[in-house]
Amino acid sequence: MTNEEIIQQKIVNRFPATEGKFRLQRARRIWVEVTREIFLPLFEFAKQELKFVEFCTLTGLDEGENLLFIYHLAQEYTGIVLNLKVAVPKSDPVIPTITNFFPAAELPERELEDLLGAKVAGLAPGPRYPLPDEWPAGDHPLRKDWQPREDEAKPEVPHG
Amino acid sequence: MGYALFNILVFPGLLFLSLFGMLAEFADRKIYARLQNRVGPPWYQPEADFIKLLAKEEIVPADADRAVFRFLPVVALTAVVCSSIYIPLWSRSALYSFEGDVIVVLYLLTLPTLTFFLAGWYSNSLFAALGAVRALTQLFAYEVPLFMGILAPAIVASSWSLSGVAQFYGAHPAYWIFNLPGFVVCLVALQGKLERLPFDIPDAETEIVGGTFTEYSGRLLAFFRMTIDVELVVGSALLAAVFFPFGLGLPPVAGFILFLGKVLFIVTLLAVFRTVMARMRIDQMVEFCWKYLSTAALFQVLISLAVKGVILG
Amino acid sequence: MAKVTIPFGPQHPALKEPERFDLTILGERIVRLNARLGYNHRGIEKACEQRSYISALYLIERICGICSHSHATAFVQCVEEIAGLEVPARARYIRTLIAELERMHSHLLWLGVAGHEIGFDTLLMYTWRDREVVMDLLAALTGNRVNYGINTIGGVRRDVSPEQCAEILRGIDTLEERTKYYMQLATEDAMLAERLVAVGSLCTEDAARLGAVGPVARASNLNQDVRRDDPYAAYGELDFKVITDTHCDVYGRVLVRVGELMESCRIICQVLSNLPEGPIAVKAPRKIPAGEALTRYEAPRGEDVHYVRGNGTERPERVKVRAPTLANVQAVSKMLENNYLADMPIVLAAIDPCFSCTDRAVVVREAGCVEQRMDWKALRLYGIEWYRKNRGIDCSKIKLRM
Amino acid sequence: MRKPGAMLSEVLPYIFRKPATRDYPHMKAEMPAHFRGKLVSTDAKCVGCKLCIKDCPAGAITITKVAEKQFEITIDLAKCIYCAQCVDACPRKVLASSANFELASLDRETLKVRITAGPPPAEPDAGEGPAPEV
C-alpha cells in the first residue's frame with residue numbers, strides 16, 4: 001500500500017462519508033470531495049494528525065449552481081498534496097475560515113470574497129484584496145456570468 | 001570694493017568655484033563609475049545636468065512657505081562661496097584673513113546643512129521633514145570630530161587663522177606628519193558633511209525618497225546641487241590647506257596647478273571611500289561618530305598639544 | 001514624539017513595482033505596517049479563461065518577468081497532466097536547465113537589489129555585470145533575455161546544441177568563481193554585517209506558522225524545497241543539496257541565496273552531462289480533456305502553485321496561480337517588528353517580492369476621479385508654450401526625428 | 001575578521017580596466033543568432049490558413065486576401081509580444097524572427113509590418129513594411 005492509499009484509508013476510517021469520494025490522480029496527489037458539514041473536522045484531522053502542515057493555496061471556482069472551493073494542503077518532506085474540495089450552493093455561499101489553522105490563508109480567503117462572492121465566516125475584518133476600494137459590492141469578476149460594466153472599455157479578446 | 005566683488009563673484013568666487021565644482025563632480029562620478037566597471041558620464045555631464053535643471057519648471061508645494069522655500073538655495077550657495085575667500089588656495093595667505101577666521105569658515109560651512117534642514121522642514125512634506133530631522137541629527141555627530149580635527153593643526157601653529165596656519169606649516173613643513181590621524185578623521189567627517197555614502201542618510205533614496213530635496217525641482221534644485229558641488233571643492237580645499245601645506249611658495253601658475261591637484265586628490269579619496277561603503281543607519285552613524293571618530297579626533301588634539309608642549313616648548 | 005504614518009508606495013523608489021504599504025513610525029522606529037495589496041491586479045486568471053491553452057501559456061509567462069519560466073513550466077505541467085501527455089526526457093532536462101539558469105539570474109539580480117536597498121551600489125553594479133553572463137546564455141538558448149518562451153504544451157520549443165552546452169559550461173565556470181567571491185564578501189564585509197545581521201528576524205516557528213516559502217523559509221531553518229519533496233521535470237534524477245541557514249534574518253537570506261547559486265551551478269553541470277537524446281516535444285491536442293491538476297514548482301522566490309481545470313474545449317475552465325510572494329508577504333509585518341525605518345527597504349526586498357506575480361488578476365478602469373489627460377500632441381504643445389512663456393525659448397522649430 | 005570596505009581590493013584594479021558597459025547608441029549591441037526580435041518574411045508564400053492568427057496571444061496578426069491565392073499579412077508590432085508562436089505555427093514557414101530589437105517609434109503606423117509574399121514579380125520592399133526611420 002502506498003503512502004497515498006494509507007492516508008486515504010485513515011480518512012475513510014475516521015470519516016466514513018468520504019468513502020468513494022477519493023481520486024488518486026498520480027503519485028503525491030490526493031483529491032477528495034467533502035461536504036460542508038464534515039469540512040472543518042476533516043481539515044483539523046488532516047493538519048493535526050496526518051501532518052498536512054503546509055498550506056499551498058485555496059482555489060475557488062464557479063460551477064454554475066455551486067461555488068467550489070479547493071484547499072491544497074501539503075505534507076512536509078513527502079510532498080503529498082491533499083486537495084479538499086468543498087462545494088457550496090451559490091444561494092448560500094458560506095464557508096468557515098481556516099485562518100486559525102493557517103494565518104497565511106487570510107489573503108486567499110479575501111480573494112474568494114472579492115472575486116467569487118463567497119462569504120467566509122469568521123474572517124477578521126480588514127482591507128479588501130485584491131480589488132480596489134471603490135469596486136462595487138456584488139460585482140465578482142471570477143463568476144462565469146460576470147460582464148464588464150457598461151462604462152468600462154470592453155477588454156479586447158484576441159482570437160483563438 | 002570692485003576688486004572684492006570680482007573676488008566673490010568671479011575668481012576665486014562663484015564662477016570659478018562652480019566650474020571647478022562641476023569638474024570635481026565629474027571626477028567623482030567618473031571614478032565611481034570606473035571603479036564599478038562602468039563607462040561613466042562624459043566630462044560635460046554635470047554642466048548638462050545643471051542646464052537641464054535650469055530649464056525645468058519649478059514646482060513649489062501648495063503648503064510650503066513660498067518665500068523661504070525659494071530663498072534657501074541662495075543662502076546655501078552664498079555661505080559656501082563666502083567661506084572660500086578665507087581659505088589660502090595656492091599662496092601662504094588667503095584673500096582675506098583675520099585671527100579667528102578658521103571658526104568663521106567652519107561655521108559658514110555648517111550653514112548649508114542648516115539650510116538643508118530648513119528646506120526640508122519648510123517643504124511641509126513627510127519625506128522632506130524626515131530627511132530634515134536626519135540631516136540635523138547627523139550634523140551633531142560629525143561636526144564635533146571635524147572641528148577638533150581642523151583645530152588640532154591650528155593648536156600647533158598657535159594661530160586661529162587659516163593663513164596663519166598655512167604660514168606656520170610653510171615654515172615648518174615636517175610637522176604635517178603629526179596631523180595624519182586628524183586628516184583621516186576630517187576626511188570621514190567631510191563625507192558626512194557632504195552627505196555622501198555611507199552618510200547619505202538624509203536623502204536616502206530607497207528609504208525616504210529624496211529626503212530634504214524631495215519637493216525641490218528646477219532652478220531651485222539646480223542651486224542646491226551647485227551648493228553641494230562647491231561644498232565638495234571648498235571642503236577639499238580646506239583639508240588641503242590645513243593638512244597638505246606644501247608648495248605654497250611656488251609661482252602663481254604652478255601653485256594653482258598644485259592646488260587643483262591637491263583638491264582632486266582628496267576628491268578621489270572621497271570617491272573611493274563611497275564606492276566601497278553601504279549606507280549606515282542613523283543610529284549606527286551617530287554611534288560611530290561619537291564612539292570612534294570623536295575619540296580619534298581627541299587623540300589628534302592630544303598629539304597636537306604634546307607636540308606644542310614638548311617640541312615647540 | 002508623535003507617531004507618523006508614512007505612505008510607502010504605491011510609488012516609492014525602493015519598490016520596483018507599485019504596491020501600497022502604510023508604515024507607522026515613532027521617530028525612526030517602526031511601530032506598525034499595514035499592507036494594502038492588489039494594486040497590480042491585472043485580471044490574468046480571468047483572461048486565461050478566454051484564451052486558448054497555447055495563448056494562455058504566453059500570458060502566464062508574462063505574470064512575472066523574472067520567474068517567467070517558473071510560471072510557464074508550472075502551467076504546462078498542469079495541462080500535460082490533464083491531457084495525459086508523456087513529456088520526452090530531453091524536454092524535461094532542458095526545462096530543468098533553463099529553470100536553474102533562471103534561478104541564477106534571479107538570485108544575482110536579487111543580490112544586486114539588496115545592495116542597492118542598503119545604498120551599496122557597487123555590489124549592485126558587480127552582481128548585475130556578472131548576471132549578464134547568465135542573461136547572454138539564456139538569450140542564446142531561448143531567443144530572449146527574460147520571457148524565454150521555451151515551453152510549449154508537450155515539451156520545449158528549442159533544442160540545445162553541443163556547442164551551446166560547451167558555452168554554458170564556460171559561463172558556469174565564470175559564475176562559480178564570482179559566486180565564491182560574493183560568499184567571501186558576505187562573510188568579510190563589516191558594513192554588510194552591520195546592515196543585515198539581526199535585521200528582519202523571523203524565527204523558525206513564525207516562518208512555519210505564517211507559511212513562508214522558498215529562500216525566506218530556508219533562511220529561517222525550515223528544510224523545505226519542492227524540487228526535492230515533490231520532484232518535477234528532471235529533479236528526481238539529480239543530486240543536489242537543500243541550502244538552509246540558522247540566522248533567521250536578512251543575512252541568512254543572503255547566505256541561502258548565494259549557497260543556492262553554487263548548487264545551481266552543480267545542477268546545471270549534471271543536467272548537461274546527463275542530457276538524454278531523443279525528441280524535444282510530443283504533439284499536443286488543441287482540445288484538452290476535462291480534468292484538473294495541481295503543480296507545485298520551486299521558483300527562485302519560493303513555491304509557486306498552479307491549478308488548472310480543463311473542460312474538454314480549447315480553453316481552460318479555471319486557472320489559479322499562487323505566486324511565492326503572496327505566501328511571504330504576510331511574514332513581512334512580523335519581520336519589521338522593532339526594526340528601523342532604514343531597514344524597511346531591505347527587509348521587504350529580502351523576500352524578493354514580485355507584486356505583479358502576487359496580484360495577478362482585473363480590468364483597468366477609468367472611473368471615479370476627475371482626471372486630466374493629455375495626448376502626445378497636447379503635451380508637446382504645452383511644453384512649447386511653457387518654454388516660450390517662462391524661459392523665452394522657442395522650441396517649436398525643433399524637428400522631431402526618430 | 002570583518003572589515004569595512006572589503007570590496008576595496010576588488011574594485012581598485014578596475015580603474016585601469018576596460019568597462020563592462022558600453023556607450024549604447026554609439027556602440028551597437030549584438031543579439032544572438034536565434035533572437036526573437038522583429039518579425040520578417042521568408043521567401044515562402046502565405047496560403048491564408050490563419051493558423052498564426054489562431055495562436056497569436058496578442059491578436060497582433062491580420063490576414064487579408066488581396067487577389068486570388070494572394071494574401072497580405074499585417075503584423076502590429078505595437079501589440080506583438082515577440083513569442084514567435086506564429087513562426088512555429090505557420091505550416092509554410094512564411095514568417096521568421098530577426099535579431100532587430102530597436103523598434104521604438106513615435107508613430108504607430110510605422111510599427112505595422114506588411115508582408116505580401118505573393119507570386120513573382122515580388123515587389124522590392126516585400127518583407128519589410130514602411131521601416132521606422134532611424
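**Figure 1. Chains A and B, and the contacts between chains.** Chain A and chain B do not touch, and their nearest C-alpha atoms are 24 Å apart. Two residues are in contact when their C-beta atoms, placed from the backbone, lie within 7 Å. Of the 5 pairs of chains in contact, chains A and C share the most contacts. Welcome to a predicted model, in which local features need pLDDT of at least 70, side-chain atom pairs count only at pLDDT 80 or more, and totals for chains, interfaces and linings use all residues. Residues are numbered from 1 along each chain as its sequence is written, while chains are lettered from A and ligands numbered from 1 in the order in which they are written.

**Figure 2. Where chain A meets chain C.** Here 37 residues of chain A are in contact with 36 residues of chain C. On the chain A side, the elements giving two or more residues are β3 (54-62), β4 (66-74), β5 (81-89) and α3 (106-116) of chain A. Helices (H or I, at least four residues) and strands (E, at least two) are DSSP runs, numbered from the N terminus. With 5 residues, β3(A) gives the most to this side. By class, the side of chain A that touches chain C has 22 nonpolar, 7 polar and 8 charged residues. In this count Ala, Val, Leu, Ile, Met, Phe, Trp, Tyr, Cys and Pro are nonpolar, Asp, Glu, Lys and Arg are charged, and the others, Gly among them, are polar.

**Figure 3. A close look at C:Leu294.** You will find C:Leu294 in strand β6 (residues 291-299) of chain C. C:Leu294 counts as buried because 26 C-beta neighbours lie inside 10 Å. The cut-offs are 20 or more other C-beta atoms within 10 Å of a residue's own for buried, 12 or fewer for exposed, and in between for partly exposed, with C-beta atoms placed from the backbone. Leaving aside neighbours within four places in sequence, C:Leu294 is in contact with A:Arg29, A:His72, A:Val81 and A:Asn83 of chain A, and with C:Val305 and C:Tyr307 of chain C.

**Figure 4. C:Ala233, a loop residue with a positive phi.** C:Ala233 sits in the loop between α10 (226-229) and α11 (250-273) of chain C. Its phi is near 45 degrees, a positive value in a residue other than glycine. C:Ala233 is buried, with 22 other C-beta atoms within 10 Å. C:Ala233 and C:Leu294 are 61 residues apart in sequence and 14 Å apart in space, C-alpha to C-alpha.

**Figure 5. Chain B, built with helices.** Chain B has 12 helices and 0 strands. The radius of gyration of chain B is 19 Å, close to the 20 Å that the globule rule gives for 313 residues, so chain B is as compact as a globular protein of that length. This radius is taken over C-alpha atoms, and the rule is 2.2 Å times the number of residues to the power 0.38. Along its principal axes the C-alpha trace of chain B spans about 60 × 45 × 40 Å. Buried residues make up 52% of the 313 residues in chain B.

**Figure 6. Helices α5 and α6 of chain B.** The axes of α5 (residues 101-122) and α6 (residues 126-157) of chain B come within 8 Å and cross at roughly 170 degrees. These two helices, α5(B) and α6(B), are therefore roughly antiparallel to each other. Angles over 145 degrees count as roughly antiparallel, under 35 as roughly parallel, 65 to 115 as roughly perpendicular and the rest as oblique. Axes are lines fitted to C-alpha atoms, for helices over the stretch in contact, and angles run from 0 to 180 degrees between N-to-C directions. Residues making the contact include B:Leu106 and B:Phe117 of α5(B), and B:Leu139 and B:Phe147 of α6(B). By class, this contact has 14 nonpolar, 4 polar and 1 charged residues.

**Figure 7. Helix α11 of chain B and its cover.** Among the buried residues of α11(B) are B:Phe259, B:Ile266 and B:Leu270, along with B:Lys262 and B:Arg274. What covers the buried residues of α11(B) includes α2, α8 (180-193) and α10 (218-243) of chain B, α5 (121-142) of chain C and α1 (8-11) of chain D.

Figure 8. B:Asn37 lies in the loop between α2 and α3 (45-55) of chain B. Phi of B:Asn37 is near 65 degrees, a positive value in a residue other than glycine. B:Asn37 counts as buried, with 21 C-beta neighbours inside 10 Å. Elsewhere in chain B, the peptide bond from B:Leu197 to B:Pro198 is cis, with omega near 0 degrees.
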